[in-house]
Amino acid sequence: MKVTRRQFVTGGVAAFTVTYAVPGFLSDLARAQGAHARNLVVLYMSGGNDSLSMLAPYNDPFYTSRRPTLAIPAGQVLQIGTDSSRVALGLHPRLTGLKQIFDQGRLAFIQRTGYENQSRSHFTGTDIWSTADPNNSQGLGWVGRYLDSLPSPVDPLVGWNTTGSLPHVLQAHTAVPAIASPAGYAFSSPNSGAEAAAERSTAVRIASHVPVDRPELAFVYGSTQAALATLDRVATVASYRPSPAYPTTGFAQALQAVAGAMTKSIGTRVFYVTTAGFDTHAAQNVNTVGGAYYNLMATLNDGLLAFYNDLRGQGLLDDTLVLSFSEFGRRITENGSQGTDHGSASVMMAMGGKVNGGLYGTAPDLNPDPKNPTLENSAGDVKYETDFRSVYAQVLDSWLGTDSARLLGGNFRKSGLGFI
Amino acid sequence: MAATADRHIEHLLRRAGFGARPDELALYGAMSINQAVNALVTFESVPDAVDGLIGQPGYIGMTIAGAFAPQANINHARQRWLFRMVHSDRPLQEKMTLFWHNHFATGYTKIAGAVGAAEAARYLAAKSTEDPGQVRGQIELLRERALGSFNDILLGIAKDTAMLIWLDGRTNTKAKPQENFGREIMELFTVGVGHYTEADVYAAARVFSGWNLQRAGGAATDPASRQEFNYFANQHDTAAKTFSFAIYPDGGKTIPARAASDGMQDGVDFINGLAAHPNTARYIAAKLYRFFVTDFGAVNVTFVNRVAAVFLQSRGDMRAVMREVLLSPELWDESAYFARYSWPLEFVVRAIKDVGWPGFSVSDTLTPLSNMGQILFEPPDVSGWDAGQTWFSTSAMLARMNFASTLAANQKFNLATAVKSAGASKTPEALLSYFVEALPTAPLDASVTAELSNYLRATGGWSGADAQLQAKAPGVVHLIAGSPEYQLV
C-alpha cells in the first residue's frame, strides 16, 4: 500500500485501503502554497424553473399584462441593473443573499439558455440537459463523460452526488457515489468485533472479483466496490461542523456536505445537488410570503448564501464554481390556476470566487406578437438565444481545463460568455 | 427459509411476485408452468384474505403507534402494502399493482400539501369498505383493476381524486385550461414522447376541462365528507378538438363540438382513442418487458410486437396480455434468469421471504427502502422510478447491504436453528451450501464462493456450536443477501 496523501500530511489518521491517483488532486501542502483546486457543483432546479419570476424584466408591460397575479411589482424586485439590450432586470424579492453575491461580482446570470425545438417534457428535457445531446438523450451524462475522460484509475470519490440515486448528469463508466448523508454512509454487520471485521473484509474481497464477462452484474460490483472504498474518507466529512450553521433544508444540508468534503480535502472534484418543486402548475404564489415559489426562492437563496459565506470563510471560494440548470422555463402567460405550464428557454446561474459576475445574454421581449424573434410557439414561450452547450463548453474549457469539443461532440464555444 | 428449489418456479415467482415463501414454493412447485401461470393470472379464485392476517402470530409484524389506520396515515398504508407483498396469496395482483403505481406514479407529499396528511393517505390508500365515505383510494383502484381492461384503468385514473390533485386536473377549466394531465396522459400513460405535438397538449387540456373535484358527503367535518370527481358542464370547452392522431376507429382525428351537457364524452372518446393507439400498445408492452422479462440490453422487438398485438386484439385486456407475457419464450429463455436489476421493494420482500420474518417488522423496511431509493406512494415524479442501473448508486447499494445485515441480525437465532435442524452445521461447506440454496442468486463465481468459505473459517476453528452458528449464519446471510448477485432477479 502506498503512503497516502493524508497519511503523509497528517500522520496517518485515516488509513485508506485503496489508493488512487487522483488527477489534479491537490494536497494540503499545495493548497498551503497557494495552489487551487477546481471544484464544480452542478445545481439542478428540478421541475422547470419559472425564470421570469427569478430574474424579472419588471418594466416590460407585457410581463405584467400576461401575468396578472404572478408578475412581481417593479417596486418589489431587487434591481440589479440592465442587460446589453437595456432591459431592466430585478431579482425575486426573497433573493437578498444572491443580490449580495451579485453585487460582489461573483454571480452571473446567463439569460435565454436552451436549444432548438426545446422539449417541454420533464423527462426528455432533463435527459437532454444532462447529456448535452438533444438528439440522443439516453447516453452518458456530460459531467460523467468528463469523469470518464480523466486518467484511470479514477478515484470513485472524484464525484459526489448528494441525492439518493445517480442523476443522469453524472452517469458514467466511473461509479459516482451517492452520499445523501455522510453520517449514514457506513457498513453495518449483524456481528461485532473480529467477526464484523471479517465480514467487511470479505465484502471488500468479494467486490474485487469483478465478473467482467457479465457486464450488468459487473456494474453492481462497481457500485459495491466504490462504496466500500470510500466509506472511511466520507466518514471524515460527517464530523464537519460549520459555523454559522446551514439552514435545515435538504438543499442546504447537501451544500454543507459539499463544503465539508472540500474542507476535508477528500479528493472530490465534482458535486451534484438539487432543489426540487419548480413544477408550479398551480398556486405558484410568487409574491406571497410563504407561497410556493416564494419558498422555492427562500430555499435557494438561504442555501447558496450559507454555502458562499462558508466557502469564503474557509478560503475555498476561488476553488468553487456552482452551475445551475433546469429542464425548461415556463410559459410566459400564467394559466387559470395562478400557475405556469411547461415552457422553453430559461436562465442559468454561475456562482463562485472566479466568476465574472453580471448579466449575460439578453432578456426576452414579452410582446405576444407571433413574429417576436425572442419568443417561440406563437409567442407563448421564450426562445433560446444561447445554446446551453455553449455554457457547458465554457465550464469545460475554462474551468475544468479540458476540451469541450471532444466531450460535447462539437464546437459550441461562443464569444461573450466569459463568466468564468 | 426456502427448503426445496425449483428454479423455474422460483424464476416465475421472482417476476410475477416478490420471490417465494416456502408455502408458495410448495404450492406452485406442484404445478406445471402453464398451470402456475394460469393460477397467477386468475387470482380472483383465491380469497383476498391477506389484510385479515395483519397482527396475527406467524406473520411479519408491524410497528404502529396508536390505532392502525391505513386509510388515514400514509406510514400505515405503506406497512399494509408491504405486508401484502410478503403474505398475499395473490402475488401477481400485488406485483401488477406496483407496476401500475409506477406507471401512474402519484406522490403523497404534493397531495398532502394540498389537502392535508390524513386526506392524502385516504385518497391514495383507503379501502372503500373501511372508509366512512366509501372512498376508494388510488392504489385500491389499481389493485382492483390490476388485470382489468386498460381503458377502465385509464378512465378510473382520469377521475381519481388523488390524480386530479397530483396533476392539477381539478383546476382545469374552459377559461384557463390546465395542461399538466393532458400532457402526461399522452407522454407517460399511453403513447409516449414523440407521438404527440404541442398542439395535442393544448387540445387534451381542453378535452378534460371541467373534469374537476367537488365536495360530497356533507360538511367537511363529517367523516363521510370527501372530495370526488365531478364533471362541471359549465367549465367545459365545448368546441371541437383536433389531434394529430386518430381518436376514432374510422381514423377521425377530431372530437366534435358538443353541448356542454354531453361534453364529458370528449374525455371518454379521447381515452378510448389513446387506449386503441398502436403506440400505447407498444409503450405498455415495452414497459412490461422491462418489468417482467429483463432490463438488460435493448427491448426485444419481437416481444413488443407480439404483446402489443395481444393488447390491441384484446382491447387492452391486461389478463390476456399478462398471460402472454408470463408464457413468453423471452421470459423462459435461459438468459432471462437473474437478468433484471431488482427494485428495492423486490429485494427487500424477497430477502424477507428467503431469510425469514418471525420477530421482524415491516416498519423496519421503510427507512432502508428510502435509502435504497424507493418509498411507496412517493415516486420521484410522475414518470415513476428510474429503474435498472439507477437503483445501484453507492449509497443505495450500501443500504441494500445494510438491510441484509439488519434482517440477518434480527433472524440470527432462527437461522442458526434452521441450519442445525437441516443437519448442515457440521462443516463450513455444508452451512454454505445450505444458505446458497436458500438465497437464490445469479451464479456465484468460484472466487466468490471461496471468499465466503474463507469467511466461515476466519476467526477460529469450526466447532458448529450454537454460539458460532449464531454468528456465522447471520454473517454469511448478510454477505449473500448483500452480494451483487443477489440484487439480480
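The legends below describe close-up views of a predicted model.

In this model, residues are numbered from 1 along each chain as its sequence is written, and chains are lettered from A and ligands numbered from 1 in the order in which they are written. Because the model is predicted, local features need pLDDT of at least 70 and side-chain atom pairs count only at pLDDT 80 or more, while totals for chains, interfaces and linings use all residues; side-chain values use heavy atoms, with hydrogens and water left out.

**View 1. Helix α22 of chain B and its buried face.** Helix α22 of chain B covers residues 428-438, where helices (H or I, at least four residues) and strands (E, at least two) are DSSP runs, numbered from the N terminus. Its residues P428(B), L431(B), L432(B), Y434(B), F435(B) and A438(B) are buried, a term that means under 20% relative accessible area, with exposed over 50% and partly exposed in between (1.4 Å probe, protein chains only). Seen down the axis of α22(B), the buried residues fall within an arc of 160°, so they line one face of the helix; the arc is that of the directions from the helix axis to the C-beta atoms. An α-helix has 3.6 residues a turn, so residues three or four places apart point the same way. The cover over the buried residues of α22(B) includes α18 (344-355), α21 (412-421), α23 (446-457) and α24 (466-481) of chain B, with contact meaning heavy atoms within 4.5 Å.

**View 2. Q374(B) in a loop of chain B.** Q374(B) is found in the loop between α19 (366-372) and α20 (394-410) of chain B, and with a relative accessible area of 1% Q374(B) is buried. The side chain of Q374(B) reaches the backbone nitrogen of L345(B) at 3.1 Å. Leaving aside residues up to four places away in sequence, Q374(B) touches several residues, among them W343(B), P344(B), W385(B) and W391(B).

**View 3. The second largest pocket.** This pocket holds about 450 Å³ of space, a pocket being, on a 1 Å grid over the protein atoms alone, an open set of points with protein on both sides within 12 Å along at least five of seven lines, and lining residues having an atom within 4 Å of a point. Grid points are joined across faces, edges and corners, and a volume is the space filled by probe spheres set on the points. Of the 21 residues that line the second largest pocket, R7(B), F338(B), T441(B), A442(B) and P443(B) are the closest to its centre. At least two lining residues each come from α9 (215-238) of chain A and from α1 (7-16) and α22 of chain B, and α1(B) gives the most, with 3 residues.

View 4. In the loop between α9 and α10 (250-263) of chain A lies P244(A), and the peptide bond from S243(A) to P244(A) is cis, with omega near 0°. S265(A), in the loop between α10 and β7 (270-276) of chain A, has a positive phi of about 50° although it is not a glycine, and S265(A) is buried at a relative accessible area of 7%. Q338(A), which lies in the loop between β8 (320-325) and β9 of chain A, also has a positive phi, near 55°, and is partly exposed at 39% relative accessibility. Most residues other than glycine have a negative phi, and most peptide bonds are trans.

How values were computed: Polar contact = N/O pair within 3.5 Å; in protein donor to acceptor, adjacent residues only side chain to side chain. 1 Å grid on protein atoms, 1.4 Å probe; cavity = no way out; pocket = protein on both sides within 12 Å on 5 of 7 lines; lining within 4 Å.
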